[in-house]
Amino acid sequence: MPAPSIRASRLTSNHIGIALLLGVAYGIVPFTGSEYLLDAILTPFLALALAAVGLNVLTGYAGQVSLGSAAFLAVGAYAAYNFNLRIPELPFLVSLLLAGLVAALVGLVFGLPSLRLRGFYLAVSTLAAQFFVQWALTKFGWFSNDNPSGVIDAPTLNIAGIPVSGAERRYVFSLTIVLIATFLTVRLLASQSGRNFIAVRDHEIAAKVIGVPLLRTKLLAFGISSFLIGIAGVLWAFAYLRTVEPAGFNLDRSFQILFIIIIGGLASIRGSFLGAAFIVVFPLLLSRVGAALLGNVFDSGVLEMSQRIVIGGLIIGLLIAEPRGLIALLDRFSIRVFRKPRHANQQPN
Amino acid sequence: MSAVATANAKTLPLTGEGVEEARVVPAVAGWRPASAALRAAVPVLALEDISVSFGGVVALRDVDLRVAEGEIRAVIGPNGAGKSSLLNVVSGLYRPDRGRVQLGDRHFSHVPTSRLAGFGVARTFQNLALFKGLSVLDNVMMGLVHRRRAGFLQQIAGTPWARREEAANRAAAEEIVGFLHLTEASERIAGTLPYGLQKRVELARALVARPKLLLLDEPLAGMTLTEKQELSRHIRNARDSYGTTIVLIEHDIGVVMDLSDSITVLDHGCKIADGTPDQVRANQAVIDAYLGVAHGDETELAS
């Protein structure tokens, strides 16, 4: 699902493609899609895609590795729950925005070490966010309204008096939020701030000499990234699962989001969506294919193992053969098929 | 003005009306000694007794340097002579053990790198330091980043102020890209360009802010002779068109002799010579440093 390209000034085939996809996503899918498709595939796909966009801002564009994405999902989810619960007068969209801001604040705090640490060491320090948030949400009952295991049940949402209930409405709500957030992110990345991210990633010393404010740029990347992941967390908790516990936001989830951007394509918004689609659809395909080929031998244990093996193998293969991910493969393929007169060296975003 | 007057007083037999006279002097065309002294009065860059060492290894020892406005100054010397260390001290990447750096009328014991661009100083690096994932034009626009004031929310929203800033920077970048004949490559991703072009993009990025002082660390390294001649022309053009003062490190003696107004020679961290190309070419210490012992082998250096 392509997002607008960074250089979005002319009307191109890209724009027509996006318009078509939007038409299908709003005009056809909600009316014809089964509840299973909407609830179990598309809604989690949208939430994960937004989280991947968020992580891609930080890791793909600004070059700061993070293993704490699930923590920011959790912060967003629990913050929205508490704003909704404790200040019921707040419209839900305001709670959503505030939840993103809380996640951004937490992200800023855990982004501070990036001034001194880079690469592997920074990744390890972001693990602190991962473990701290999960621990805090379980330890302090206030966050979950004193539920003994930290579980929260998301209430049915009301947007301007319309209850967001039923698979279709939850899907349309998620789609809208994800599109707006992605659109604003694309605008940011195309601006000077986005160029600063890439400058810091590609050559930090040159960036400093040239006058890029390193502290502000890195913290902005952490803030924006955590904001987006926080919003994704709200969608995850309120539109997709509707009952979440801290254990659901564990390190596995952080890795899942990291894998999405590695598989889909680093520093690519479209890659984030492609990667999320892959991660959501792939296990379903694998279980269908596995069951058809092997019958009863292919139980859930085997499924999970084979899933990990294939994804692991895919990541290794991609890192060696095409570090820019599936989206680069797809672009090359589409150039060959459609023979678009496009600059071979132009890097799509 | 008084500094100007005293500088003049050394070369002109002036008396009481020194100040009045000084105003006229710059207008006198071709009167080189006075205008040279005038410019030397406020050097764009001056180093005083700079010493740098890493552990026990001395990179620079008591180096003095004065670069006048509009000058092209080459810094040469054998490998490990401390040339890059010198530029790193000026750009604040190294903190000298002793000594002071003067940029215009500011003095520093350690130049604050993050404010360098604001002081009107730009530099290139020995190994390419382009932002490989950005297009050529975006790389060049990065050279103006220190002038940006609009915050990120304004950039997202595209407020008139942010848009004006963006448009002004884009126009400035396009101009310099044209100046260095890079227009055809301006939408290409910098990392995909051939080496010679990347070097030129780096020069464009350094020049776009019209710096007062430009530091070039081996701008011609690894180029073919034709590319070297072309880029030398661009460097000279930059000085002539924008009045940029240039300090450059270069190994190719032939190019250096043609390009620069004056040359500083470093060897083992010490300054061993300073002067016009002709003076340096005839300097025995320089010949020794480059050729080891051989006396009378000047032809090779002079060629």
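1. A polar contact is taken here as a pair of N or O atoms within 3.5 Å, where, within protein, one atom must be able to donate a hydrogen and the other to accept it. By that rule, three residue pairs, both members at pLDDT 80 or more, are in polar contact between domain 1 of chain B and domain 2 of chain B. The model is predicted.

2. On the domains themselves: the assignment for chain B makes domain 1 out of 1–13 + 37–120 + 211–303, and domain 2 out of 131–206. Where they meet, 20 residues of domain 1 of chain B are in contact with 12 residues of domain 2 of chain B. The area buried between these two domains is about 1,200 Å², with 68% of it on carbon and sulfur atoms. Of the area that domain 1 of chain B buries against domain 2, 37% is supplied by Leu231(B), His234(B) and Tyr242(B), more than by any other three residues.

3. One salt bridge is found across this domain interface of chain B. The side chains of Glu230(B) and Arg200(B) also meet in a salt bridge, at 3.3 Å from N to O. On the side of domain 1 of chain B that touches domain 2, the elements giving two or more residues are β7 (213–217) and α9 (225–242) of chain B. The element that gives the most is α9(B), with nine residues. By class, this side of domain 1 of chain B has 11 nonpolar, five polar and four charged residues.

4. Turning to the two chains, the contact takes 29 residues from chain A and 34 residues from chain B. Chain A and chain B bury about 2,600 Å² between them, and 64% of that lies on carbon and sulfur atoms. Within chain A, the residues that lose the most area to chain B are Arg195(A), Val209(A) and Ile210(A), which together make up 26% of what that side buries.

5. The rule finds two salt bridges across the interface of chain A and chain B. Arg195(A), listed above for its lost area, meets Asp138(B) in a side-chain salt bridge at 3.8 Å, N to O.

6. The largest share, eight residues, comes from α7(A). The chain A residues on this side divide into 13 nonpolar, 10 polar and six charged.

Definitions and conventions
Residues are numbered from 1 along each chain as its sequence is written. Chains are lettered from A and ligands numbered from 1 in the order in which they are written. This is a predicted model: local features need pLDDT of at least 70, side-chain atom pairs count only at pLDDT 80 or more; totals for chains, interfaces and linings use all residues. Side-chain values use heavy atoms; hydrogens and water are left out. Domain bounds come from an automatic or database domain assignment. Contact means heavy atoms within 4.5 Å. Buried area is the accessible area (1.4 Å probe) that two parts lose on being put together, summed over both. A salt bridge is a side-chain nitrogen of Lys or Arg within 4 Å of a carboxyl oxygen of Asp or Glu. A polar contact is a pair of N or O atoms within 3.5 Å; within protein, one must be able to donate a hydrogen and the other to accept it, and residues adjacent in sequence count only if both atoms are side-chain atoms. Helices (H or I, at least four residues) and strands (E, at least two) are DSSP runs, numbered from the N terminus. Ala, Val, Leu, Ile, Met, Phe, Trp, Tyr, Cys and Pro count as nonpolar, Asp, Glu, Lys and Arg as charged, and the others, Gly among them, as polar.
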